[in-house]
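User: Please show me how to read the features of a model, one at a time.

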Amino acid sequence: RPKEDVLPKMQCNFYQRAIDNAASRLIAGRPIFQINPGDPDQSAIDRARIAERVLTSEWSRMGMDRLKSDIIKSVILFGDSVLKVEWDPHSGGVIGQEPIVATDPLTGAPITQTVVDPTSGEEVQQPIVYGMRDIHEGNAAVSVFHPSDFSYDPSVTDIRFATWALLKVRRSTEWVWRNYQRSVGTGVDDDRHGRSRSMSSAREDEVDVYELWLVPGTYRTGDDSNDQVTLADGFVVVCTKDVVLSKGPMPNADKKLPFIHVRCSRVPGRQWGETWANGLRGLQFSLNKTLAQITNANDLMGNPQWLVPTQSMAKDSSFRGRPGAVVKYEHRANVPPPERLDGKTVSPGVFNYISIALGELVPAITGQRAGGIAGGTPTGVEAGVAFAEIIERDMAALAEVANELQLCYEELGEKTLSLVHQHWRLPRVVAVVGAYNATEAYQFSGKDVKDSFQVKVQPDSVAPQSKAAKFNKWMTLFQAGLASPRETRLQVGGGD
């Protein structure tokens with residue numbers, strides 16, 4: 001009996017193809033932000049228009065056009081994606097210098113030395129300074145993380161209502177020193193699913209860094225009812241397995257968790273989302289197994305087996321071409337030779353199954369077709385109408401993902417504006433692409449942007465659409481007076 005592992009393998013990644021098709025449709029759109037002022041007065045409206053330009057500029061500066069590809073593919077492939085919006089004090093231009101103070105490697109407290117005050121002549125404790133470092137103006141930053149490295153309050157299904165969140169991220173020891181001025185040992189731990197990560201899969205200069213975020217509130221510290229602590233400004237602990245890198249109140253002014261959780265499809269009562277791509281796993285396994293069996297049958301048909309009496313003294317090299325299995329037997333009178341049942345032909349039902357799987361099942365699960373109208377042409381309609389009907393069906397399959405992305409971009413915009421309002425103390429020059437792709441520069445500071453704005457994203461700017469359909473739609477709206485020139489230019493690729 002032949003072993004299964006010696007059969008020819010046939011691997012076709014239909015799963016990846018469907019994911020790439022869905023991601024390419026969603027990546028093509030760029031969100032258009034609309035800022036709603038908190039007050040109806042004209043000054044608030046003017047600040048809202050300023051906030052729109054700041055947010056558009058920050059979207060480009062943070063590289064969101066590249067990061068959204070990682071977000072979308074993570075959402076479709078794993079069902080979830082996690083974003084962190086934070087202030088990076090080590091980016092941007094240099095605005096000054098500050099001393100580097102030696103700290104205790106375990107507690108993080110400054111190390112002091114006894115010196116004599118030249119004015120009073122008394123002994124005082126002075127921190128040990130061993131160098132100077134640049135002070136940067138800082139910028140808002142967005143990072144995308146794998147959902148398996150993140151967890152939050154299990155009593156809620158929406159991270160906006162969570163009281164705590166925990167993130168584990170692998171960092172280099174140089175990154176730890178640059179951000180916390182601490183020397184740490186290397187090594188990685190088991191992931192949250194209990195799988196061990198060997199050092200062979202990690203660089204020798206990497207370490208797992210944990211971030212625990214607690215929102216403002218009262219927390220129990222023991223079994224007794226009096227064992228509790230109130231954190232008015234929240235609390236953040238950053239540490240490795242052995243060293244506390246920093247601890248203190250939440251640095252962001254809004255006192256909210258800096259994380260955004262995006263799901264492909266929300267499941268009632270569950271924290272983590274579901275992806276329609278899961279329906280392809282069993283189908284892909286079945287298709288690959290079927291294709292491998294067909295390949296094996298074709299090889300057998302092209303390489304017939306031989307029955308050779310041992311008395312014939314025939315050698316394997318005497319056969320023409322590349323023979324299949326050579327079965328040698330001892331010839332005896334009145335005893336027929338061994339016979340093999342014919343199993344080389346492939347049933348027509350196998351090919352029908354492959355045709356149905358690729359033409360009907362895969363599109364039904366994903367809403368993505370390999371191209372054109374193959375496998376999905378509505379009956380009794382012309383080609384142009386068929387294309388429009390199929391595009392409409394495919395877009396509907398991604399409607400929930402597009403809605404989740406819209407909510408994600410809105411929350412990202414609000415967190416970004418809050419950081420701008422908190423940290424932009426000095427005026428900054430903001431460059432945006434204006435009319436006809438001309439770059440325009442404006443100067444703003446944090447006080448020009450209120451953190452109470454409500455950020456909205458136009459749904460059509462995120463929903464997947466073909467370029468021709470989007471162009472015709474927005475030109476029709478513009479001609480009817482239902483869309484502004486700016487909205488129309490942004491949607492059809494003409495700049496702000």
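User: Which helices and strands each supply at least two residues of the lining of the largest pocket?

Analyst: A pocket is an open set of points on a 1 Å grid over the protein atoms alone where a 1.4 Å probe fits, with protein on both sides within 12 Å along at least five of seven lines; lining residues have an atom within 4 Å of a point. Here the suppliers are strands β2 (80–88), β7 (139–145), β10 (206–214), β13 (235–239) and β14 (244–248), with helices α4 (173–180) and α8 (399–423). Helices (H or I, at least four residues) and strands (E, at least two) are DSSP runs, numbered from the N terminus. This is a predicted model: local features need pLDDT of at least 70, side-chain atom pairs count only at pLDDT 80 or more, and totals for chains, interfaces and linings use all residues. Residues are numbered from 1 along each chain as its sequence is written, and side-chain values use heavy atoms, without hydrogens and water.

User: How do α2 and α8 pack?

Analyst: Two packed helices are described by the angle between their axes and the distance between the axes. Helix α2 (residues 42–61) meets α8 at about 105°, the axes being 10 Å apart. That angle makes α2 roughly perpendicular to α8 (65 to 115 degrees). Ala51, Val54, Leu55, Glu58 and Trp59 of α2 contact Tyr409, Gly413, Thr416, Leu417 and Val420 of α8 (heavy atoms within 4.5 Å).

User: Which residue forms a salt bridge with Lys84?

Analyst: Side chains of opposite charge can pair when their charged atoms come close. The partner of Lys84 is Glu211, with the closest N and O atoms 2.4 Å apart (the criterion is a side-chain nitrogen of Lys or Arg within 4 Å of a carboxyl oxygen of Asp or Glu). Lys84 in strand β2 and Glu211 in strand β10 are 127 residues apart, so the pair links distant parts of the chain. The structure holds 12 salt bridges.

Note on methods
Axes are lines fitted to C-alpha atoms, for helices over the stretch in contact, and angles run from 0 to 180 degrees between N-to-C directions. Angles under 35 degrees count as roughly parallel, over 145 as roughly antiparallel, 65 to 115 as roughly perpendicular and the rest as oblique.
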